[in-house]
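I opened my notebook for another look at a fold. Here is what I looked up, entry by entry.

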Amino acid sequence: MASDPIAGVPLPWPDQPGELPRHFRNRQALAQTLEQLFPEAAGSLSPVRGGRHQADTLLARLQPERYAKGRNFLDGPVTRLSPYIRHGVLTLAEVREAVFARTRSRQGSEKLINELGWRDYWQRLWQQLGDGLWRDQEELKTGHSAAAYARELPADILEARTGLACMDGFIEELHGTGWLHNHARMWLAAYLVHWRRIRWQTGAQWFLQHLLDGDPASNALSWQWVASSFSHKPYIFNRGNLERYSNGRACRHCPLATEGCPFEASYEQLEADLFAPMPTIRATDNRRGGRDASRSGNRGRSGTTQGSSTTALSRPTPRR
Ligand SMILES: Cc1cc2nc3c(=O)[nH]c(=O)nc-3n(C[C@H](O)[C@H](O)[C@H](O)COP(=O)(O)OP(=O)(O)OC[C@H]3O[C@@H](n4cnc5c(N)ncnc54)[C@H](O)[C@@H]3O)c2cc1C
């Protein structure tokens, strides 16, 4: 610790009275200062390191070809660059050039470049929508009205004691590190919105409080995508999906693994349990061979297939 000075990028203006301190002997000193300044804040420093040096280290480790195949697995080769992009330590253009430099072919870089494209796309939408991104972009396709969703986060969520090892683990990770894998964000968001019937805005605000990469556009619009106010159907998952992409790590010690897991069902069953009938969607899906087929279509951005243009109620969804 003592040999670990915090060397941030020097700011071009001198320290001003009342500003947060900029220089620390080491991380421990930083932690102590934060404890004094924010005595009400719980927990300890995130293990995620800030700064350009760390960002460059991660850039040098990019593996775009492996990323394309493994990005949906919790232990897959994702970049973890989001906090540095979010805070302007890296520009998207820099990351793009690093991806090209580390890929043998343009094809091999495609998936990762696509994801950078989504980041850019959300930012542009934010410019257009402003605070309007906190409003439903479309009607929900769950069969429930917006008023049916709770405004408050229940205590068991805030305290990571839902009893579901997967969800409690994700919540602890979110609170403790400020970062979650994309799939974990999708599962946790879907659990909150669809299983617990909580407003997506409530969940999105909670994420923003904790994520080191917390970004109003990527966050709110991704929550809307899960909720179905910015996609053609709600995003849900089942236990098979979660076990596959998490290598079953939470299920192995979950008290509900053998009985009572709310995700242990087919997509058809889950949709029947979670959503009220939406005749237009069901009619369209039936023509395509059942809900499971369309469900896997909805999973496009999470790693299986891209959905076809099933557009029962809304315009074609631009993502996933
Ligand atoms: C409910 C929910 C909330 C989210 N909130 C945020 C948020 O507040 N801030 C944020 O930066 N991302 C958010 N995302 C998008 C995505 O989960 C993170 O960008 C990604 O997990 C960050 O990890 P990474 O840097 O290893 O990403 P990688 O998979 O390595 O991707 C590289 C970069 O591409 C961009 N990117 C990747 N996936 C997405 C995506 N789905 N949408 C937009 N950009 C993407 C990010 O800048 C990321 O750093 C959210 C996703 C969901 C489902």
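**A lysine inside**

I began with Lys141, which is buried because 20 other C-beta atoms lie within 10 Å. My cut-offs, with C-beta atoms placed from the backbone: buried means 20 or more other C-beta atoms within 10 Å of a residue's own, exposed means 12 or fewer, and partly exposed is in between. This is a predicted model, so I note that local features need pLDDT of at least 70, side-chain atom pairs count only at pLDDT 80 or more, and totals for chains, interfaces and linings use all residues. Residues are numbered from 1 along each chain as its sequence is written.

I found Lys141 in the loop between α6 and α7 (155-158). Its C-alpha is 6.5 Å from that of Pro234, although the two are 93 residues apart in sequence.

**Whole protein**

I counted 15 helices and zero strands; these are DSSP runs numbered from the N terminus, helices being H or I of at least four residues and strands E of at least two. Of the 320 residues, 31% are buried.

**Two loop residues with positive phi**

Ala160 is not a glycine, yet its phi is positive, near 55°. I placed Ala160 in the loop between α7 and α8 (165-177). It is partly exposed, since 17 other C-beta atoms lie within 10 Å.

Asn247 also is not a glycine and has a positive phi of about 55°. Asn247 sits in the loop between α12 (239-246) and α13 (267-274), and it is exposed, with 12 other C-beta atoms within 10 Å.

**α9 against α11**

How do the axes of α9 and α11 cross? I read that helix α9 (residues 182-195) and helix α11 (residues 216-227) have axes that come within 9 Å and cross at roughly 60°. That makes the pair oblique, as angles under 35 degrees count as roughly parallel, over 145 as roughly antiparallel, 65 to 115 as roughly perpendicular and the rest as oblique. From α9, the contact uses Arg185, Met186, Ala189, Ala190 and Val193, and from α11 it uses Ser222, Trp223, Val226 and Ala227. Contact here means C-beta atoms, placed from the backbone, within 7 Å. I sorted this contact into seven nonpolar, one polar and one charged residues.

**Around the ligand**

Which residues come nearest to the ligand? Of the 28 around it, they are Thr79, Ser82, Asn182, Asn219 and Ser222. The elements giving two or more residues to this shell are α4 (82-86), α6 (106-129), α9 and α11.

Key. Axes fitted to C-alpha atoms, helices over the stretch in contact; angles between N-to-C directions. Contact = placed C-beta atoms within 7 Å. Nonpolar A, V, L, I, M, F, W, Y, C, P; charged D, E, K, R; others polar. Near = placed C-beta within 6 Å.
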